[in-house]
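The sequence and structure come first, then the points by topic.

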Amino acid sequence: MFQTGDYIIYGNNGVCRVESVGTIDMIPGIPKDKIYYTLKPLYIKGSTIYTPADNQKVLIRPLISKEEAMELIDGVEEIETLWITNEKQREEIYREELATCDCKEWIKIIKTVYQRMQVRLAEGKKITNNDRKYFKMAQDSLYGELAVVLDMEKGKVEEFITERMQGKSTMTVK
């Protein structure tokens with residue numbers, strides 16, 4: 001069970017701070033004997049989430065450690081891409097990968113879209129809206145978690161990763 005003050009990943013809401021753990025009296029119809037987390041998403045301003053502590057429908061997990069974050073960044077080059085030629089299948093796989101709330105899966109999406117972007121630009125084509133959408137979602141999720149774990153601003157994470165990878169090209173879609 002998470003404690004007040006813990007930072008967690010709550011599904012596609014990203015990093016949340018546990019504001020409290022306990023029963024909720026202020027919302028009618030909620031059982032008074034059920035334990036809830038009150039969560040504040042870090043990157044969704046003005047939002048509060050109330051979820052049962054035993055929620056089985058939404059993935060809830062602790063953040064990775066700083067050591068795991070550094071290992072993840074150092075291993076980015078070894079993480080494979082998701083090369084799927086069928087557009088509908090690709091979107092479904094992107095959606096499934098995002099739902100895992102797994103940093104490596106988010107990196108797979110980022111790398112895949114980045115490589116697809118390079119190929120499409122070389123062919124004189126634009127990036128697809130789906131690629132752009134899932135790329136941004138994967139970046140937001142990954143960079144949000146890494147920012148908290150590495151104690152830096154979310155906007156500085158990509159630069160940090162790039163520098164850590166020794167000046168290799170960034171993975172940004174404009």
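How close do the axes of helix α1 and helix α5 come, and at what angle do they cross? In this predicted model, the axes of α1 (residues 66-74) and α5 (residues 157-164) come within 9 Å and cross at roughly 60°. Two packed helices are described by the angle between their axes and the distance between the axes.

**Helix pair α1 and α5**
- Angles of 65 to 115 degrees would count as roughly perpendicular; α1 and α5 are therefore oblique to each other.
- The crossing of α1 and α5 is right-handed.
- Sorted by class, the residues in the contact of α1 with α5 are four nonpolar and two charged, with no polar residue.

**Residue D131**
- Helix α4, spanning residues 129-149, contains D131.
- D131 has a relative accessibility of 1% and therefore counts as buried, the cut-off for buried being under 20%.
- Beyond its neighbours within four places in sequence, D131 is in contact with R90, Y94, V113 and R116.

**Residue A53**
- A53 sits in the loop that runs between β4 (49-52) and β5 (60-62).
- Apart from neighbours within four places in sequence, the residues in contact with A53 are M1, I35, Y36 and Y37.
- A distance of 30 Å separates the C-alpha atoms of A53 and K108, which are 55 residues apart along the chain.

Terms used
Residues numbered from 1 in each chain as written. Predicted model: local features only at pLDDT ≥ 70, side-chain atom pairs only at ≥ 80, totals over all residues. Heavy atoms only, no water. Helix = DSSP H or I, 4+ residues; strand = E, 2+ residues; numbered from the N terminus. Buried < 20%, exposed > 50% of the residue type's maximum accessible area, 1.4 Å probe, protein only. Contact = heavy atoms within 4.5 Å. Axes fitted to C-alpha atoms, helices over the stretch in contact; angles between N-to-C directions. Parallel < 35°, antiparallel > 145°, perpendicular 65-115°, else oblique. Left-handed = near helix turned anticlockwise from the far one by under 90°. Nonpolar A, V, L, I, M, F, W, Y, C, P; charged D, E, K, R; others polar.
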